[in-house]
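Dear colleague,

Please find the structure below, handed over for your use.

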Amino acid sequence: MPSDPQHLEPLSATEEAFVRELSRVMLALPRAVDADIAREAQLPLSEYTPLMHLSEAPGKAMRMNELAAACSLSLSGMTRVVIRLEKQGWVERAKSDQDKRGWNAVLTDAGLARLERAWPTFLSSVRRHLVDHFTGHDLDSLTAALRHVATSGDTSG
């Protein structure tokens, strides 16, 4: 990162517009999807997302720190969500088989059933608020560009 602001290249009008609209989308999209899924499926996005990640994981289990990273939450924030999910019978916490020190979040059959009931609402919302706006665009290229942005600061691997 240059320390001298004199040598920074200003954004073009197109770049500036892109950055501003992307910022709006980053705020508006999760709010819109959360509103839909909370209203129609009575499941907030903050609970849907970990259930989704667990459903896709081997053995329907993930270490708490990995689940937190997948959901873009701190470990303490993820713990609070998992406690809520445990109280509803949708997730269980179990000691890790790998080292017996860490904890795994494990999706229960009831949690999977709950996720499956909410999935059509989630799908409809994501299509309406995002995917349908990109009809005719090269989604593979857009996905690759977004992945590059998302991982450019990742030093874990």
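**Findings**

F18 is exposed, because its relative accessible area of 56% is over the 50% cut-off. Please note that this is a predicted model. F18 belongs to helix α1, which covers residues 13-41. On the surface, F18 is part of a nonpolar patch whose other members are L11, V19, L22, V25 and M26. Together, the residues of this patch have about 560 Å² of accessible area.

Helix α1 is also the place of S23. S23 counts as partly exposed, because its relative accessible area of 36% falls between the limits of 20% and 50%. Along the chain, S23 and F134 are 111 residues apart, and their C-alpha atoms are separated by 17 Å.

As to the chain as a whole, there are 6 helices and 3 strands. Read from the N terminus, the order of these elements is α-α-β-α-α-β-β-α-α. Along the principal axes, the C-alpha atoms occupy a box of roughly 55 × 40 × 25 Å. The radius of gyration of the chain is 19 Å, whereas a compact globule of 157 residues would have a value near 15 Å.

Two further values concern the surface and the interior. The chain exposes about 11000 Å², and 58% of that area is supplied by carbon and sulfur atoms. Of the 157 residues in the chain, 25% are buried. With regard to contacts between residues at least 6 apart in sequence, 49% join residues that are at least 24 apart.

How many aromatic pairs does a search of the whole structure find? The search finds 1 aromatic pair. This pair is formed by Y48 and F122, with 4.4 Å from centre to centre and 20° between the planes. The pair is classed as stacked, because an angle of 20° is under the 30 degrees that set the limit. Y48 lies in helix α2 (residues 45-56) and F122 in helix α5 (residues 109-129), so that the pair links distant parts of the chain, 74 residues apart.

With kind regards

Note on methods:
Residues numbered from 1 in each chain as written. Predicted model: local features only at pLDDT ≥ 70, side-chain atom pairs only at ≥ 80, totals over all residues. Heavy atoms only, no water. Patch = residues over 30% accessible without salt bridge, like charges linked within 9 Å, V, L, I, M, F, W, Y side chains within 5 Å. Areas by Shrake-Rupley, 256 points an atom, 1.4 Å probe, with all protein chains shown as cover. Salt bridge = Lys/Arg side-chain N within 4 Å of Asp/Glu carboxyl O. Helix = DSSP H or I, 4+ residues; strand = E, 2+ residues; numbered from the N terminus. Buried < 20%, exposed > 50% of the residue type's maximum accessible area, 1.4 Å probe, protein only. Rg over C-alpha atoms; globule rule 2.2 N^0.38 Å. Contact = heavy atoms within 4.5 Å. Phe/Tyr/Trp six-rings, centres within 6.5 Å; stacked < 30°, edge-to-face > 60°.
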